[in-house]
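Biologist: Before I rely on any label in this model, I would like to hear how each one was reached. Could we go through them one at a time?

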Amino acid sequence: MKNNLLGLDEMELLQLVESIGEKPFRAKQLYHEIYRRSQLDFQDMTELSKAFRQRLADEFTLTLPEICRRSAAQDGTVKYLFRLEDNKFVEAVFIPEEDRDTLCISSQVGCNIGCKFCMTAQMGLDRNLKVPEILGQVMAVARERNLQRGSFSIVFMGMGEPLQNYKNVMKAFRLMVDPLGMTMSHRKVTVSTSGVVPALRKMHHEKIFPNIAISLNATSNTLRDDLMPLNQKWNLEELMQACREFPIEPRRRIMFEYVMLAGVNDSDADAHALLRLFCGFRPKVNLIPYNPNPGLPFRRPSEERVAQFRDILVNEGVTVFMRKTRGDDIAAACGQLAYMEGVSAGA
Ligand code: SF4
């Protein structure tokens, strides 16, 4: 089987090029063709000599994960099902919006964090995605939809806990935002985490990092321990402290996501407790009324309840976003991604 070059960075391409006796400058050209020009057919890499193109085609490949199903929702959202080379499946969701489009991608096959409200949790964890499988979701959808760079954002909010796959997620991120590579703005890439505190702290030391979103969903350790068992390892105090210490750039803020579950975490008292948790920094909050999933015991709060909760936060100066539910008729909404035994869960 030929080696897939997708996901190699410039240094790795340099080593590869030298190992086959080619001049070092070929690595830069190859890098440019793959990531800047999104060229996946060696024969179309016109920057390269004909002989080098043929050599690459003979020995290597540039392969994206295969899109094996597309499900389109009434609101224009499209859920993509990708088949990986070992016959595992992951999903990505393209969400068209007026001002800019968003592509939600997966970082793992399944997830072992066990959030009670999430369909992916039902799968358990199979494995981490490799760099080409992460980048490949972006490149495949961008090619199919002819997306221009800069016209869409990427969010790691699909299947998996991205910070459990730190090395591959961060390498894919660096390739996405490299000015000599895919040239995306790091401000247009968001990694959402359930609160893997050591990885969050590790990210403090990166030269460049994505936007951070924290999937919070509870204001007490008792409730969060139950809803998100990861909290038993790194509790709310530790998580909030790691957020406070995050070396955020001026004008960037951490986003806190709060999935509202009727009768569980949506009371006025919860909103006030949330305000107390935010004491000492300026967060953004994304309120996400729960998308019901068959088999899970949660309900979506009423619109009035959501509005009242939001107003308590807004009145204290918190910036609140209300995520519109998108793609729920194709089970592509938040917390609904899962793939089991050939059937997209919830679909
Ligand atoms: S919400 Fe995210 S971290 Fe939690 S189980 Fe689902 S995929 Fe994993």
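Modeller: N217 sits in the loop that joins strand 11 (211–215) to helix 7 (221–227), where helices (H or I, at least four residues) and strands (E, at least two) are DSSP runs numbered from the N terminus. This is a predicted model, in which local features need pLDDT of at least 70, side-chain atom pairs count only at pLDDT 80 or more, and totals for chains, interfaces and linings use all residues. Residues are numbered from 1 along each chain as its sequence is written.

Biologist: Why is N217 called buried?

Modeller: A residue is buried if 20 or more other C-beta atoms, placed from the backbone, lie within 10 Å of its own, exposed if 12 or fewer, and partly exposed in between. N217 has 25 other C-beta atoms within 10 Å, and therefore counts as buried.

Biologist: What makes S38 partly exposed?

Modeller: S38 has 14 C-beta neighbours inside 10 Å, so it falls in the partly exposed class. S38 lies in the loop between helix 2 and helix 3 (50–59).

Biologist: How is the protein chain divided into domains?

Modeller: An automatic or database domain assignment sets the bounds, giving domain 1 (3–61) and domain 2 (66–344). Their contact, which requires C-beta atoms placed from the backbone to lie within 7 Å, takes nine residues from domain 1 and 14 residues from domain 2.

Conventions:
Two residues are in contact if their C-beta atoms, placed from the backbone, lie within 7 Å.
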